[in-house]
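Me: I have a structure with ligands on my screen, and I would like to understand the words used to describe it. Could you go through them with me?

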Amino acid sequence: MITVLGSGAFGTALAISLASNGPVTLWSRDKAQVQRMQAEGANTRRLPGVSLPAQLNVTADLPPMSPGSICLLSVPTQKLRDLLIEHGRALAHCHLVACCKGVERVTGYGPTRIIAELVPTATAAILTGPSFAHDIARGLPTALTLACKDAVVAQSLQTALTTPNLRIYRTTDATGAELGGALKNVVAVACGVVIGAGLGESARAALMTRGFAELSRMAVALGAEQETLAGLSGFGDLVLTCTSEQSRNYAFGMSLGRNKCFDTSITVEGAATAQAVSEKARKMQIEMPITDVVVALIDGKLRVSQAMDMLLSRPLKEE
Ligand SMILES: NC(=O)c1ccc[n+]([C@@H]2O[C@H](COP(=O)([O-])OP(=O)(O)OC[C@H]3O[C@@H](n4cnc5c(N)ncnc54)[C@H](O)[C@@H]3O)[C@@H](O)[C@H]2O)c1
Ligand SMILES: O=P(O)(O)OC[C@H](O)CO
């Protein structure tokens, strides 16, 4: 039995897809939301228009976990620590699969390191790659990367999480998989700004390319393999997130580019990640000009025109 913790858009979508293999439990901390989902047979707040299958049990009571149980942790990265502080003991001997993309603002840690710190007896893994919750929930074909440092566990999770519409690849490079997924969100915010401000698709293509160079520089310095970054969890997700208005990071960037407000209740992982990574890069003396500009725009310290001037006036160099 697979348990998904967190009944937001992504957790619900994964639970729906996994239910085509067998029974799945979807846990939410919010009793009222559970009652609504049970009554309506859908998660109308986060995934409107998609019915919950019969094999999916929605509950506010965390079921007992036997050793080796698979638990997907689908909450925003900035909330993962709170979830594990509250429920880590119940998850002590599970395979914990982070389903979030970000770097923790306060510590600079990625999801697998947060798991390792708070639940050291569990196995930490991450599921990431180009995928919109609505696409997965509607049964559209999607390919993701499952990363776990333990090759044997990686293989068993790959098998368990593959469904008719979810094709899972595996890697032991958890650092590469989680950094690619986290850092592409920052580039997506920047691309949204460019399109929102009417600067054109050529500028976006340049930003995506230089953004990929920037995220690779940082991720490799932190131990990622370049091959992983060029795969689904890095380049693949960068392409999706930087080109679709379905992306919340991209949509947030567009609102910055248009000088419009954005609903603060919407999960935008790239904002906190940009701040965490910009600080880390400064300490490591790694140049991340796009990330720095995203932070300055979010903080209101730069206008879009000034940001573009800063990026375009950098010293000329080899590609
Ligand atoms: N939505 C997508 O299309 C998509 C696709 C791929 C990956 N992701 C990733 O999935 C992660 C979650 O995103 P989402 O779209 O599901 O967000 P969401 O905003 O739809 O849902 C977040 C959920 O987390 C719950 N939550 C927050 N703090 C919690 C806590 N302490 N304990 C228990 N539950 C808590 C909230 O109640 C909410 O149900 C993000 O890292 C995102 O990058 C999302
Ligand atoms: O809506 P976003 O921007 O959080 O993107 C969702 C996924 O990460 C895309 O793969």
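Me: Which helices each supply at least two residues of the shell around ligand 2?

Reply: Those are α10 (232–243) and α11 (248–257). Helices here are DSSP runs of H or I with at least four residues, numbered from the N terminus. The largest share, 3 residues, comes from α10. Before we go on: this is a predicted model, where local features need pLDDT of at least 70, side-chain atom pairs count only at pLDDT 80 or more, and totals for chains, interfaces and linings use all residues. Residues are numbered from 1 along each chain as its sequence is written, chains are lettered from A and ligands numbered from 1 in the order in which they are written, and side-chain values use heavy atoms, with hydrogens and water left out.

Me: What makes a residue part of the surroundings of ligand 2?

Reply: One of its heavy atoms has to lie within 4 Å of the ligand. Residues that pass include Lys-101, Phe-132, Asp-237 and Arg-248.

Me: Why is the pair between Ser-247 and ligand 2 called a polar contact?

Reply: A polar contact is a pair of N or O atoms within 3.5 Å. A polar side-chain atom of Ser-247 lies 2.7 Å from an oxygen atom of ligand 2, so the pair meets the cut-off. Asn-249 also uses its side chain, with an N or O atom 2.7 Å from a ligand 2 oxygen, whereas Ser-131 uses a backbone N or O atom, at 3.1 Å.

Me: How much of ligand 2 does the protein bury?

Reply: The protein buries 92% of the 310 Å² that ligand 2 exposes when taken alone. Such areas come from the Shrake-Rupley method with a 1.4 Å probe.

Me: Now for ligand 1: which residues come nearest?

Reply: Of 21 residues around ligand 1, the nearest are Phe-10, Ala-133, Arg-248, Thr-267 and Glu-269. Arg-248 has a side-chain N or O atom 2.7 Å from an oxygen atom of ligand 1. The backbone takes part too: a polar backbone atom of Lys-101 is 3.0 Å from a ligand 1 oxygen.

Me: Which helix gives the most to the shell around ligand 1?

Reply: That is α3, with 3 residues. Both α1 (9–18) and α3 (77–87) supply at least two.

Me: Why is ligand 1 said to lie between domain 1 and domain 2?

Reply: Because domain 1 (2–172) and domain 2 (175–313) both give residues to its shell, ligand 1 lies between them. The domain bounds come from an automatic or database domain assignment.

Notes
A polar contact is a pair of N or O atoms within 3.5 Å; within protein, one must be able to donate a hydrogen and the other to accept it, and residues adjacent in sequence count only if both atoms are side-chain atoms.
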